[in-house]
Amino acid sequence: MKQIMPILDNHMHIDPRGRGLNAIKDFKNAGGTHIILVSKPSWTLSAKTIENSNEYVAVYEETIDIAKKAREIGVTAFPVLGVHPAEITKLTESFKPKEAVEIMKSGIDIAANYVKEQYAIGIKSGRPHYPVSTEILDLSNEVMEYAFEICAEINCAVQLHTEDTDEQTIIDISKRARKKGMPLEKVVKHFSPPLISEFTNAGIFPSVLSSKKAIDTALECGTRFMMETDYIDDNNRPGAVLGPKTVPKRTFSLLDIYGEEVFWKIHKDNPEKVYDIKIEV
Ligand SMILES: [Zn+2]
């Protein structure tokens, strides 16, 4: 018998065109209880590029609908909505860079309204994970800092998708967030390596990609992190990232070594504090 405790995957995508609810069932059957459900990049949902920011409504509504369906099968899913940082590359194929930035900011405003109305618990932003020109990088930072400003204003968390993360990246992001008055504990770096002390020193919060090695390393440095798979639920890219059962499986396999208490911290106390939510089982 599995022990009753909360198990939260801090960054998962679910796509009805992919495995959809079956992936959530896999998560649940492995012992998972809570998901932070992040909106998919717009182009993977509508198969076309955004022409105006109102089109984000459909992307967000779909995410909210999936969260509702997850709850119906017994998994509590909290939506995080926003504009994927790579959207800037897609948008600048048909818009001037400045116009692309305005569309993205407006997409963040729309996400913020869903947070205000409590349909979502946070906003997604960041900057491209691949090399871009200085101009595009500067504009991406402008969009990310706008997200900090808005999240600070409405007091919600922000999840960031960025380039590969080292200590420099962590410090740079913290500085930009602080400049905009964003509470650093609410800045969640998605797809983090287990640089737990670097994150603790800089103040922002790591969401560690849950390979065995990364979680072992993270646990050696403490419990100030959350666990994620970045499951992308895309039939064209099976196994591109970790599967939906990974976080519960990893947690259960480590319980005997590290004890239950550390995982209550990781799966309940940390997300409750970062997102202002209640995690109950
Ligand atoms: Zn993702």
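Which strand gives the most to the lining of the largest pocket? Strand 6 does, with 3 residues. Strands here are DSSP runs of E, at least two residues, and helices are runs of H or I, at least four, both numbered from the N terminus.

Some ground rules. This is a predicted model, where local features need pLDDT of at least 70, side-chain atom pairs count only at pLDDT 80 or more, and totals for chains, interfaces and linings use all residues. Residues are numbered from 1 along each chain as its sequence is written, and side-chain values use heavy atoms, with hydrogens and water left out.

Back to the pocket. A pocket is an open set of points on a 1 Å grid over the protein atoms alone, where a 1.4 Å probe fits, with protein on both sides within 12 Å along at least five of seven lines. Lining residues have an atom within 4 Å of a point. The largest pocket holds about 520 Å³ of space. Its lining has 23 residues, and those closest to the centre are His84, His129, His161, Asp230 and Arg237. Helix 2 (42-46) and strand 6 (187-192) each supply at least two lining residues.

Asp230 turns up again at the metal. Together with His11 and His13, Asp230 coordinates the zinc ion, at 2.1 to 2.3 Å. Donors are N, O and S atoms within 2.8 Å of the metal (3.2 Å for Na, K and Ca); water is not among the atoms, so sites may look incomplete. Along the chain, the spacing is H-x1-H-x216-D.

Are the two histidines, His11 and His13, buried or exposed? Buried means under 20% relative accessible area, exposed over 50%, partly exposed in between, with a 1.4 Å probe and protein chains only. His11 is at 2%, so it counts as buried. His13 is at 5%, so His13 counts as buried too.

Now helix 6, residues 134-154. The expected span is 1.5 Å times one less than the number of residues. For 21 residues that gives 30 Å, and the end C-alpha atoms are 30 Å apart, so the two agree. Its buried residues include Leu139, Met144 and Phe148. They pack against several elements, among them helix 5 (97-116) and strand 6. After helix 6 comes Asn155, with a positive phi near 55°.

Last stop: Ser210, in the loop between strand 7 (205-209) and helix 9 (212-220). Ser210 is buried, at 0%. Contact means heavy atoms within 4.5 Å. Beyond four places in sequence, the contacts of Ser210 include Ile215, Met227 and Arg250.

Key: Points joined across faces, edges and corners; volume = space filled by probe spheres on them.
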